Each structure stands twice: as structure tokens, then as C-alpha cells.
Amino acid sequence: MEWNDGGAFPAEDMLEMVLMFDRRGIINCANAAARVKLGYKEEICGTHISSVLPGAFQPAGEEGDAAGIWGSDVRSLMAYRKNLTCFPVEVKVTEKEGSGIRVCMMNDLLEKEFLNKKIEQMEQEIEQASKVKSEFVANVTHELRTPVNGILGNVRELLDIETDDRKLRNLNLMERCCEDMHKLINNILDFSKLDAGKFVLDPQKFNLREMLDYIKGNHINRITEKGLEFFMTVSPQLPEFVVGDELRIVQILNNVLSNAQKFTSVGKISMEVLPTAVMDDNVELFFIIVDTGIGIDKADQDKLFKSFSQVDASISRKYGGTGLGLNICKQLVELMGGNIGMESIKNQGTTVSFSIWVQLPEEEKEVMAARKEMLQPAGRRESEEETGAAQLRQFGTEANREELKKNLSKLILCVEMENWEKAEMFMESIRQLTDGAPREVSMLVLRLKMAVQKENYDKISANLDSLNALIDSEEN
């Protein structure tokens, strides 16, 4: 198609439909998109614009000028094809200054409306699928709890009456497995609720200091059983009572401390709690949990707070877990207006810190207002712990030898008492303490570990004697 000045029509290849017509409304140019979508060929030229947009234009009057819409406004109209069928369009009509030529640009809304309906339908399907998934998870977790509770109840009854040591060990293992299953079920249910946006906090007034005592009592035995030290420091400026979701705060602390215990075999775990800001009747609480565990490479640290994610597959095989715990903690912390983060050095330990906001009850407001000026932002606590942890793990150092002898003594005691579960726990500590040791030491540790796994008392005794002799020779 040629333009009226003899050249090619400049809008020929545009995706929009473009029509050009004179003052009387007679079309003299149409680009390819307009011809195709309106069902015309070259015969569209000479057609009146009102045949395409009858709702916007009328034939020319006595003055010879077609009445219709002008200006820069975009309007939604119906465009008619040659066969008199119609479809929705967006229309903008302008006039070339001083020429009397009008330019009509149209966008086909039919595809857009179809896509919008498709998107709306997909959103409804996604919402329905999410609802079905949430209901399925809720039903499954509920059904799983019933047999787990049944097993747990029977196991605890047997624990009260059983006297045989080997059977008691098996029953204790079954009890722990049931408790772990409960944790997994609760994590899956919590994740499902958080994912669906249906999780609601339940703030209640509670005694903060008593809650922290409960946390300490809940974890200190398990931590010290591994031969670790556990410290908790509570700021004297901490309010006694606060309003918040106590159950969820306990859930976060339990998860972080359980991870610290799980990944730490030597050294210590410490926890610090302090208030860092007061805003009106709200206070920010800051928690810092430090361990001397296996640590995490910097490149892997961003995986920690993602769903179903662990640093690598060996972590799941060796230590267990679904990778949901820290993701749930992150979402719970954010629901409480706070943030969670971590710092870690491979083979030296990890620091997890998080903040949450809780409300102050009336009786605490005046007390905290007086303390407000004393609060300082929490930062990274640099201490001798990191250096100590590194020396503890370096085979041959004085700290390493002392820790190694301490764990060997505990291993001997566990073997004598035939407490094989704890014996394996101390064996893992010994393995980590001898990481990087000379080959003869590493081979002895490997043989000792195999003997412990097989519960072979004679081989354990022989390997322990040899290992102690090697450690003494290293010292001399």
C-alpha cells in the first residue's frame, strides 16, 4: 500500500491497527494489521470510517466534515469487520496538524480479554489447589498423630514396668523416634499454614523470665549429655512480663538450640537475651545463640532459611531433618516484626541472632521507659570463644588434648555401663577432635568407632589403650 505522497506507508509493519482518513471520514490508508484483523484487502481504502467504528463516527454532514471523537484520549469501543462481526478495541484518534488528515490507532482487546479471563481462571484454580493441599496436609498430619500417639503411649507404659537394660534402650529409642515424628508433623502443618497465609499469632501475657528458665531446663540435659557446656545470659533490663505468642517464641528458640546441639560435638553453646529498643508500649527483644559446632561455608549460608533446604545431602543423612525448621523460624520472626540472621565459620562455629517485637503490659511500661536510655543496639559479640574453638579442634594443642582425654574418659564410662547410644555420641566428638591428626591416630579412631558400633568390648578396650598411648606420646 502506498502513502498519499507516493511513498510507502510508514505504519505498514506496526503491530497496532492504523487507519488514516480525511475530513469527510474516507479511509485512504490502512496498515497490514488493520487489513488482516478487519478482514479487508486493498478495498478498505475508500471505505468510510463509520463502517469500522460506527459507535464513534458518523457520515460527513453539510460542512463535509465527519463528526466523531478526537483528541488524545484512549477509548474502548467495538470495531466491525467487513463481515459485520465485531470485537473490542482501544481507540485513539489524532489529527495531523494543518493537513486535515486524521490518524486512528487501534489495539485489539479480544486477545487481552481472553488472556485476562484465562489468568482469572488460573488464579481460581491455584487458589482451589492451595485450599485442597492445605486441607490434605491438615488431614494427613491429624491422621498421622493418632498412630504416633498410640505408639508413644504404649512405649511409655512399658518404660515404667520394664527392667531389662537392652529392652529399655530400645524403648527409649522408640520414644525419641515418636517425639521426632511429632516435631516433623508439626513443622509440616506450620509450614502449610504459613505458605497459605493462614497462620495467625496468638499474643497473650506471659512471664518472660519463666519462659527462658523453661527453655534452659528443656535443653541443658541434652546439651551436657554430649559433654558440652551450656550458658544462658539474661539482661537485668529485660521485662518480667510481656504480651506475645509464647508458644511460637519457644518454638523458635527450641529449633535454633536443637540445631546448635545437633551440629556441635565439642565446646560449648551459649545464649544471650537482651532488650534493644522501646517504642511506645512495644519492646524489641534480641536473642543470640552461639555454638562451637561444625560451622557452615559462606557460600552455603543462604540455603539455611529456605524451604526443604540443607547445606548438602550428607547433612540430612547424618543429622536428619527436613530443612523446614529454620524457614518456619524465619517466617515466625518476620510475623513478630523482627529479623533473623547468622554468621558462621567452617569448623569454628555458628552464631544465630534474631529480634522480635513484643508488647509491654501496663505494669511494665513505666519500668521500661526508665530503662530506655540504657538500651544499646545489639552487635556481634567478639569474644575468646572463636579462638578457643579453633584451638580445641586443632589436633595436638593443649586444649585439644584435654578435651580429647575428657571425651575418651566419658566414652569408657558409657561402654562400662553399656550405654551404646551415648557411647556413639562421644565417639563422634572424638572423631572431630582428631580431624587432621596423623594417619596412625586416624586409623585407630576409625577402628575404635567400628568397635563401638559393633558393641565389641574387647576391641574397644584395646583401641582405647593404643589411642591413649599415642596421645601421651604426642604430648611428650
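1. Starting with a cysteine: Cys86 is partly exposed, at 35% relative accessible area (buried is under 20%, exposed over 50%, partly exposed in between, with a 1.4 Å probe and protein chains only). Cys177 falls in the partly exposed class too, at 46%. Its sulfur sits 7.1 Å from the closest cysteine sulfur, that of Cys178, which is too far for a bond. The disulfide count is zero, taking a disulfide as two cysteine sulfur atoms within 2.5 Å.

2. A word on the basis: this is a predicted model, where local features need pLDDT of at least 70 and side-chain atom pairs count only at pLDDT 80 or more, while totals for chains, interfaces and linings use all residues. Numbering runs from 1 along each chain as its sequence is written, and side-chain values use heavy atoms, with hydrogens and water left out.

3. Overall picture: 13 helices and 12 strands (DSSP runs numbered from the N terminus; helices are H or I with at least four residues, strands E with at least two). Of the 476 residues, 41% are buried. Take the contacts (heavy atoms within 4.5 Å) between residues at least 6 apart in sequence: 61% of them join residues at least 24 apart.

4. Now the largest nonpolar core, which has 42 residues (a set of buried Ala, Val, Leu, Ile, Met, Phe, Trp, Tyr and Cys residues joined through side-chain atoms within 4.5 Å). Leu212, Leu253, Met271, Phe287 and Ile289 touch the most other members. Elements giving at least two residues each include α4 (208-225), α5 (246-262), β9 (268-279) and β10 (282-291); α5 gives the most, with seven. Leaving aside neighbours within four places in sequence, Leu212 contacts Met232, Val234, Leu238, Leu253, Met271, Val273 and Phe287. Apart from this core lies another of 26 residues, among them Leu404, Leu408, Met425 and Ala437.

5. Salt bridges come to 11 (a Lys or Arg side-chain nitrogen within 4 Å of an Asp or Glu carboxyl oxygen). One of them pairs Glu225 with Lys422 at 3.8 Å, N to O. Glu225 is in α4 and Lys422 in α11 (residues 420-433), so the pair ties together parts 197 residues apart in sequence. Glu225 is partly exposed at 32%, and Lys422 is partly exposed at 28%.

6. Two other bridges are worth a look. Glu403 and Lys406 meet at 3.4 Å, N to O; both lie in α10 (residues 398-416), three residues apart, about one turn of the helix. Glu403 is buried at 9%, whereas Lys406 is partly exposed at 34%. Arg102 bridges to Glu95, with the closest N and O atoms 3.9 Å apart; Arg102 is buried at 4%, while Glu95 is partly exposed at 43%.
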